[in-house]
Amino acid sequence: MSDRNLQSAIQKIQQATQMIPKAGIILGSGLGGLSRQIQSVAEFPFEKIPGLKTSHASGHEGRLILGYLQQQPVIAMAGRLHRYEGYSSDEVTYPIRLIRSLGAGVLLASNAAGGLNPKYCVGDPIILGDHINWLGQASTEASPPNVRDQSTGFLQSGSNFYCSQLTSLAISVAKKNDFSAYVGTYLGTLGPTYETRSEYRMMRRIGADVVGMSTLPEVLLARRLGMKTLAVSIVSNVANPDSPSTANHDEVIRAGQQAGSKLEKIIRAVLDNLDNQVA
Ligand code: HPA
């Protein structure tokens, strides 16, 4: 992904607004409704931003919105790009480079995911505490030479991808508002197929709590770029290996729309505490 594109994208956005976003927000499948709560100062369809690809996935509007939420300057993506759309990791994570370059120090990422943990119900928010990455390479952008391990050339790894302070805050929001939320492990697949019952069974056994087809490339790059990250899955379907019914995309979108208010409460609370959080 060329730096020339990135520079043109920054220029285009800064010509429309001088606002410096403090947080980037990714609104996943069926979760784009929150974008309408933002007091918008500038908006762009993805395809109008140099270097940014179009989102083809249904339930993903493909709009970039700059504006204010809880009086905080934010940049939000209503919809995201996925590897299963045929995009490379660098293309999928390009918006993160842009969001970071515009000034955001915090990333709030959301997605719809299948609930593997038997105690989860449709509509529960699961705060990512860790992940299992089956998407393969994160992105070449996620590994600029200056963060490679000096002696081996391998990337430094770490399990602290998700900010524990923001995680605790999200859980406390759920308690205060009387809805369930859990901290869990997200397993990221390439998709686009939903899993077989045997795959769901295997995923439960290896310790995954939710499964989805996104988020990890963005989180990996955001961390590399020094952002604090909170990622929330909304359980859109119960991934039960013993049930003959399989997940379908309409159900995923509907569950996202219905659980949107829980995600909104979490995001608003994080924004209220943002001044203590900026990386
Ligand atoms: N599997 C993978 N991705 C998903 C699922 C699922 O069951 N539900 C929503 N995204």
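1. A polar contact is a pair of N or O atoms within 3.5 Å; within protein, one atom must be able to donate a hydrogen and the other to accept it, and residues adjacent in sequence count only if both atoms are side-chain atoms. At G114, a backbone N or O atom lies 3.2 Å from a nitrogen atom of the ligand. The side chain of Y200 has an N or O atom 2.6 Å from an oxygen atom of the ligand. For S236, an N or O atom of the side chain is 3.5 Å from a nitrogen atom of the ligand.

2. The model is predicted: local features need pLDDT of at least 70, side-chain atom pairs count only at pLDDT 80 or more, and totals for chains, interfaces and linings use all residues. Residues are numbered from 1 along each chain as its sequence is written, and side-chain values use heavy atoms, with hydrogens and water left out.

3. Which residues are around the ligand? They are A112, A113, G114, Y194, E195, Y200, V211, G212, M213, S236, N237 and V252 (a residue is near a molecule or strand if one of its heavy atoms lies within 4 Å of it).

4. Helices (H or I, at least four residues) and strands (E, at least two) are DSSP runs, numbered from the N terminus. Two packed helices are described by the angle between their axes and the distance between the axes. Axes are lines fitted to C-alpha atoms, for helices over the stretch in contact, and angles run from 0 to 180 degrees between N-to-C directions.

5. Helix α1 (residues 3-16) and α2 have axes that come within 10 Å and cross at roughly 55°. This makes α1 oblique to α2 (angles under 35 degrees count as roughly parallel, over 145 as roughly antiparallel, 65 to 115 as roughly perpendicular and the rest as oblique). The crossing of α1 and α2 is right-handed (a crossing is left-handed if the near helix is turned anticlockwise from the far one by less than a right angle, and right-handed if clockwise). D3, N5, L6, A9, I10 and I13 of α1 meet Y94, R97, L98 and S101 of α2, contact meaning heavy atoms within 4.5 Å. The residues of this contact comprise six nonpolar, two polar and two charged (Ala, Val, Leu, Ile, Met, Phe, Trp, Tyr, Cys and Pro count as nonpolar, Asp, Glu, Lys and Arg as charged, and the others, Gly among them, as polar).

6. The axes of helix α2 (residues 89-101) and helix α5 (residues 216-224) come within 9 Å, crossing at roughly 40°. That makes α2 oblique to α5, and the crossing is right-handed. In α2, V92, T93, I96 and R97 meet P217, E218, L221 and A222 in α5. Five nonpolar, one polar and two charged residues form this contact.

7. Helix α3 (residues 164-176) and helix α6 (residues 249-272) cross at roughly 130°, with axes that come within 9 Å. That makes α3 oblique to α6; their crossing is right-handed. L166, L169, A170 and V173 in α3 meet K265, I266, A269 and V270 in α6. By class, this contact has seven nonpolar, no polar and one charged residues.

8. Between β7 (182-188) and α4 (197-205), the loop holds P192, which is joined to G191 by a cis peptide bond with omega of about 5°. In the loop between β3 (63-69) and β4 (72-78) lies Q70, which has a positive phi of about 50° although it is not a glycine.
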